[in-house]
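Hi,

Here is the structure I promised to pass on. Have a look at it first, and then read my notes below.

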Amino acid sequence: MVFSSLQFIFLFLPCFLCVYYAVPFQWKNTVLLFGSLIFYALGTLDKPEYIVLLILSVLENFVLASRMSKTEKNRKTLLIIGLVYNFAWLFLFKYAAFFLSGVNQLIALIPKTNFQFRAPELLLPTGISFYTFQAVSYLIDVYRKTCAAETSPIRLGTYICMFPQLIAGPIVTYGQVAKKLQNRTHSVQLFLSGLKLFILGLGSKVLLANQLGGLWSDINAIGYDSISTQLAWMGIAAYSFQIYFDFWGYSLMAIGLGKMLGFQLPKNFCFPYLSVSMTEFWRRWHITLGSWFREYVYIPLGGSRNGKWKTYRNLFVVWLLTGLWHGAHVNFLLWGLFLFAVIAVEKAGLKKFLDNHKALGHIYMLFLIPLTWALFAITDLSQLTLFFGRLFPFFSSAAAPVFRYDFLKYMKEYGVLLLCGFLFSTKFPAKLYKKISNDWVGALLLLILFWASVYCLYIGLNDPFLYFRF
């Protein structure tokens, strides 16, 4: 089940909220936990074992953290057990096939060897990358004594399984919600504030991301070998806007749902396409993932405290892991390594120049952002090479496109949407909405956005959230 579905909007959410608001506070966490498990189970009906895996994650981490809080002697051992347990499941489902494929390729190089490992064919459990990171951050924080071990499995389960952020974040640390798990307020004002954010996120997903994604889908259907350079750039620009409004929309809906339930979930985006450097971009994009890697990988490795070369080493590790976190394909490794190279160059002095010459910084990012998303979007390396050949035909020996002026046809169909993508990536719409959000004009706008989104969902114009695959 996804937030941008008629079943969620008109069945699950109203029924859940009626029960949630009807029970006294001491039962709200229980209702939220079981409601979240039902939400997850409805989305994994073909794989019921995945709900068992989620419940086991809650129980295992609860027991390990509880024991860790009661001893000084074996704390590190318990932490290691917890890390191995959590990451083992993630490795099995997400990386085992990729790893064994690489091993098989190495074995094939050995003469007269026919042995090959059989890679498991496993469907990635929805949200496992996100709830694993939350469970791991909880264990580490208990080990560091920056937060106390939770004494209630219901509260810990609510933290890990809370349906607004269970599937695709934001990634929340236990300390950010610990107080709210024990005492939080609910009000009509908070509900309406959350509802507004939910509708804005729904509109971002359904009316912008899904529609812009149509151009990228069309280009993939045509084939990269048949498109012109102009259409290739239009397509990757459309994908850049699609992934932004898709994930930003989901995050807005998650934060809005959190407010309805009395939680303040962390912000995940801050106008990333207005950045003047890639370093700044990744401080504004998927903020909670960047914070997680900084807090639990980069700083423990030494951060930038131990000299220039160790700083670059630490950055390399972070971006290698960031690439792998997004997927078990070579293109994600290339994507992460490319981002590391760009950010390393910026750290060496380019960022200071770009910060002082913002116009050049915006041009630089206008060119660089689509290139990084091309690496991200195309998993087949031969197709990736072909697509880059279309982006830069003077470096390629590929045949001429089938229709030289194909971009004119798609500009008529998607030109307005691309302009809307550009406009809504700026602060102007947000500033305008802020001025009208509390009067009848803002209410009318939200009403139009909601029913326009519902209409699109009704006629089938919807796609899964892109980040569900991670």
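One term before anything else: a residue is buried if its relative accessible area is under 20%, exposed if over 50%, and partly exposed in between, using a 1.4 Å probe and protein chains only. Bear in mind that this is a predicted model, so local features need pLDDT of at least 70 and side-chain atom pairs count only at pLDDT 80 or more, while totals for chains, interfaces and linings use all residues. Numbering starts from 1 along each chain as its sequence is written, and side-chain values use heavy atoms, with hydrogens and water left out.

Let's start inside. A nonpolar core here is a set of buried Ala, Val, Leu, Ile, Met, Phe, Trp, Tyr and Cys residues joined through side-chain atoms within 4.5 Å. The largest one has 139 residues, and the members that touch the most others are F3, F8, F163, W373 and F387. Helix α10 (residues 229-260) is the biggest contributor to this core, giving 17 residues. Helices are DSSP runs of H or I with at least four residues, numbered from the N terminus.

What does W373 touch, once neighbours within four places in sequence are set aside? Its partners are I236, Y239, S240, I243, Y273, F281, W285 and W335, where contact means heavy atoms within 4.5 Å.

Now the aromatics. Rings of Phe, Tyr and Trp (its six-membered ring) pair if their centres lie within 6.5 Å; planes under 30 degrees apart are stacked, over 60 edge-to-face, and the rest tilted. That rule gives 63 aromatic pairs. One of them is Y244 with F245, a tilted pair at 5.0 Å centre to centre and 50 degrees between the planes. Y244 is buried because its relative accessibility is 1%, and F245 is buried too, at 0%. Another pair is W309 with Y312: the planes are at 55 degrees and the centres 6.0 Å apart, so this pair is tilted. Both residues sit in helix α13 (residues 308-326), three residues apart, or about one turn of the helix. W309 is exposed at 67% relative accessibility, whereas Y312 is buried at 15%.

On to T279, which belongs to helix α11 (residues 278-284). Buried or exposed, for T279? It is buried, because its relative accessible area is 13%. Its side chain makes a polar contact of 2.6 Å with that of E346; such a contact is a pair of N or O atoms within 3.5 Å, where within protein one must be able to donate a hydrogen and the other to accept it, and residues adjacent in sequence count only if both atoms are side-chain atoms. Not counting residues up to four places away in sequence, T279 touches I343, E346 and K351.

Finally, the cysteines. There are zero disulfides, a disulfide being a pair of cysteine sulfur atoms within 2.5 Å. C147 is buried at 14% relative accessibility, and C161 is buried at 1%.

Cheers

Definitions and conventions: Helices (H or I, at least four residues) and strands (E, at least two) are DSSP runs, numbered from the N terminus.
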